[in-house]
Amino acid sequence: AGGEAGLSLPPADGGSTISQAIGEDMPSGWIRGFIVAERNEPVRICEALAESFPPQCGGASLILRDGVIWREPYSEQYPAGEVTPSGGITNDMLTTDRPCGYEADGPCTDLRGVSANGDVFWTDVEYSVIGTIDGDQLLRLEAPPGADL
């Protein structure tokens, strides 16, 4: 099954956990976790959400860099094989066709499991992201030779 621009869809479980992905020899592919974006901070994907308000990253996390692609998780609304709403990271902001922002009624708050309080944007369900791990960052996935992403 192909997605936008020939990109494969994430597996039904959303992909590797962040800890699994960091520990693998081939640190590229779909990773699942909670997205947390604090104003003036880079967007992160987190293995867990700390029980605070607003939530903070818990466990392992990665900074999502420009060009990383994200997808809404599978659900009955978007069964496996059906393209889910998706976007990318642009200028350190989560974007669909426009930046998501931090306002409680702002763009992107109709995505599944999303909340915002004016200073932080977060998801309380796991999303899938794809990229290449470099240290504590997830970078844009480079196309393999002869392929387009």
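**Backbone exceptions, strand pairing and the nonpolar core**

Asp92 lies in the loop between β5 (86–90) and β6 (93–95), where helices (H or I, at least four residues) and strands (E, at least two) are DSSP runs numbered from the N terminus. The structure is a predicted model, in which local features need pLDDT of at least 70, side-chain atom pairs count only at pLDDT 80 or more, and totals for chains, interfaces and linings use all residues. Residues are numbered from 1 along each chain as its sequence is written, and side-chain values use heavy atoms, with hydrogens and water left out.

Most residues other than glycine have a negative phi, and most peptide bonds are trans. Asp92 has a positive phi, near 60 degrees. With 31% relative accessibility, Asp92 counts as partly exposed; buried means under 20% relative accessible area, exposed over 50%, and partly exposed in between (1.4 Å probe, protein chains only). Cys108, also not a glycine, has a positive phi of about 80 degrees. Cys108 belongs to the loop between β6 and β7 and, at 5% relative accessibility, counts as buried. A cis peptide bond links Phe53 to Pro54, with omega about -5 degrees. Pro54 sits in the loop between β2 and β3.

Strand pairing was assigned where DSSP finds at least two bridges between two strands. β1 and β2 (residues 44–50) run antiparallel and are joined by three bridges. Phe34 has Cys46 of β2 as its bridge partner. The two strands, β1 and β2, form a hairpin with five residues between them, and Asn40 in the turn has a positive phi of about 65 degrees. β2 also pairs with β3 in the antiparallel sense, over six bridges. Here the bridge partner of Arg44 is Ile63 in β3. A hairpin is formed by β2 and β3, with five residues between them.

The largest nonpolar core holds 24 residues, of which Ile31, Leu62, Leu64, Leu94, Phe121, Val129 and Leu138 touch the most other members. Such a core is a set of buried Ala, Val, Leu, Ile, Met, Phe, Trp, Tyr and Cys residues joined through side-chain atoms within 4.5 Å. Two or more residues of this core come from each of α1 (18–23), β1 (28–38), β3 (56–64), β7 (114–116) and β9 (127–134). When residues up to four places away in sequence are not counted, Val129 touches Gly29, Trp30, Ile31, Ile45, Leu64, Val68, Ile69, Trp70 and Leu138, contact being heavy atoms within 4.5 Å.
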